[in-house]
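Please read the points below alongside the sequence and the structure, which are shown first.

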Amino acid sequence: MRNLWIIARREYLERIRTKAFIITTILIPALMGGSLFVPMLLLSGGGSSKHLVLVASDRHMAEVISQQLNRLKEEENEQNAALLSQREVPKREMPRAARFQIDIDTDTSAEQRQALAEKVKNKKIDGAIWATADALTARKVAYITRDTSSLSDQMEVASAVSHAVQLELLRSKGLSEADIQASQKRVEVTAENPTGAKNGNPVLNLLAMIFLVIVLFMSVLLYGVQVMQAVLEEKSSRVMEVMLSTAQPKELMAGKIVGVGAVGLTQVAIWIAAGAAFSFSSLAANSAQLKDLISWKVVLGFPLFYLLGYVFYSALYAAIGAMCNSQQEAQQVQQLVTIPLMIPAFLISYVAQNPGAPLSVAASMIPLTSPLIMYARIALNSAAPWEIAISLVLQLVAIYVVILLSAKIYRVGILMYGKKPTLPEIMKWIKYA
Amino acid sequence: MNTIELNKVRKTYDHFVAVDDLTFNIEAGSVFGLLGPNGAGKTSSIRMMIGITAPDSGEIRLFGKPFERKSLEKVGYLPEERGLYKKMKVIDQLIFLGQLHGLDAGPARQKAAAWCERLEISDWLQKKVEELSKGMQQKIQFIATLMHDPDFIVMDEPFSGLDPVNVVLLKDVLLELKAKGKTILFSTHQMDTVEKLCDSICLIDHGKSVLQGDLKQIKARYGKNNVQIEYEGDGNFLQQSKLVGAYNNYGNYVEVRLAAGADSQELLRAVAERSRVSKFELMEPSLEEIFIETVGKTNA
């Protein structure tokens, strides 16, 4: 035991002093957060205004469509702003929102269409909507644009034109302007779980969950691989030989896992402390909303699932480090462990949308994926307590088995130099008493 | 009292017999040489002595008791393949290794500093290991092996890669330790070192002991039938001479062993007839010769 702590302590102190530790502490949340939240900020922070030409057979119809387009854009801007902060900001203080700049044209000749297409091509305008009377009757409107793949633009145009056609139809039936307004009012939907608890803002919740799971994934991967590299370095520099004369292989392996793991835990603690400081400071846009978003389960779950995932994977990485002779060799073999660790990263968007689906539940139970997926489901408030309990028990059992097997591979592997062991050889190592 | 006793120790890896019924004792306070060609089973034997691996059969007694990990606090092991943490400071590294050997941080620091003084590397205590030359790293390793004041010192090729000045420095340290009653085990190919330092030896080949005992007695057994000759002129006839059993040309001189029943004076006359002899000395065989001959015989 004494040796274990001496080894763990060395591992911890040597790592925590490095620049790499400081850099990853800042960079991981910054990069992950940046890649998720910056696009949203850009979206609401004005964005670019698009210059469109709207061609219709009569000026009145064109104006109705153009109104609808701008109304949609405004609603969208409001929603985006609301997602980011619930502060009641007077409309005029809102960041300048994206709007359409719309020119109306009633020339429906084929030459005009040709000319508009040419203008779009030359980037004189961003798009042209071909909403002639014929097109509207046929319910088939052409939208000439350079970004034919931009689904959101197409949906906006479709929605605006449909609305305009509806409006005109209602007006032609003699409905009052008030009735028409009432019929157009949006219905808001809020999701509730069976116990009646609201889930806060679903989009923000989702983003926060993905952010946390990805940071968790990065931490497990980063520190798991570090264990492998530490073992490999000891083996290739032959420090291992010196260490073995005083410490037992299991002490070496456990000391590595504990020491490197503590570095990761320190990093997690720094993140939590920074997050807490941020949410209590006035910097936070709305601390009530933040608390709503990040429950104690999510905060405590992070170090817990980090530890579970880390211990499981680092034991496997330690075994790989012990059986290989060089970084290059380990590069290939480590895929065996890294790929299962990546599975949750691919699954996460599915789980986010279907947290209660059988696949999500199964992934949150199977120890290879469960640390990340169970945490994701907890963050989404979709895991029942008994599910969490089963998942934890299964993980602990899996960790016990993996450590037992890895320790055996480790014990033999660290004394083996030369050729890479084959699978049957590794099986034989495991069978050694 | 024996520091370590091996009794019919056997170790196999898969179907390869690394150590085959090896039996020897090392008397406390003596210097013992474990010799043998590459792959003879020296490192495998040492690993079993200090509990890195366990023998398949046979018995090992360390300090008079069956092996227990507690005993390792009194053992210092310098492996042949050795290394240090490159990014670590010399002093931190020594304290760390000292702690693993059972010292507390404070005493470990003092001992490390004292040893560095003794081995003339005090200036490097605060440097990182990667900044040190190979020879200096060797010395650090040496200190790491000795700083916890072990009673049984195991050194696998301790002098490889060292310059002559440092070899003398370390050899003196080892002799000092011997005078203090420490037991030292050398495993090496460098026969001249063994010859100068060892009291007794065990020569192993293919995992088996092929020759063991007191070094002086072994040499005496081979008798003074070796001749070292320095001469000017043509010495090739020596190879064909009936008087010569074995012939070894070292460039500046030749060493021959007399054939059974041959008279050394007859050889001297024969050599003197054909060349100018500047040196003709009857001597015991060198350990190297015994080594080559014994191993050659078992391989034949």
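1. In chain A, helix H6 (residues 151–172) and helix H7 (residues 177–184) have axes that come within 10 Å and cross at roughly 145°. Axes here are lines fitted to C-alpha atoms, for helices over the stretch in contact, with angles running from 0 to 180 degrees between N-to-C directions, and helices (H or I, at least four residues) and strands (E, at least two) are DSSP runs numbered from the N terminus. This is a predicted model, in which local features need pLDDT of at least 70 and side-chain atom pairs count only at pLDDT 80 or more, while totals for chains, interfaces and linings use all residues. Residues are numbered from 1 along each chain as its sequence is written, chains are lettered from A and ligands numbered from 1 in the order in which they are written, and side-chain values use heavy atoms, with hydrogens and water left out.

2. Which residues of H6(A) and H7(A) meet? On the H6(A) side they are A:His163, A:Gln166, A:Leu167, A:Leu170 and A:Arg171, and on the H7(A) side A:Glu177, A:Ile180, A:Ser183 and A:Gln184, where contact means heavy atoms within 4.5 Å. By class, this contact has three nonpolar, four polar and two charged residues.

3. Over all chains the structure holds 23 salt bridges, each defined as a side-chain nitrogen of Lys or Arg within 4 Å of a carboxyl oxygen of Asp or Glu. The side chains of A:Lys256 and A:Glu11 meet in a salt bridge at 3.1 Å, N to O. This pair links distant parts of the chain, 245 residues apart, with A:Lys256 in helix H10 (residues 249–280) of chain A and A:Glu11 in helix H1 (residues 2–16) of chain A.

4. A:Arg238 lies in the loop between helix H8 (202–236) and helix H9 (239–244) of chain A, whereas B:His206 is found in the loop between strand E9 (200–205) and strand E10 (208–214) of chain B.

Note on methods:
Ala, Val, Leu, Ile, Met, Phe, Trp, Tyr, Cys and Pro count as nonpolar, Asp, Glu, Lys and Arg as charged, and the others, Gly among them, as polar.
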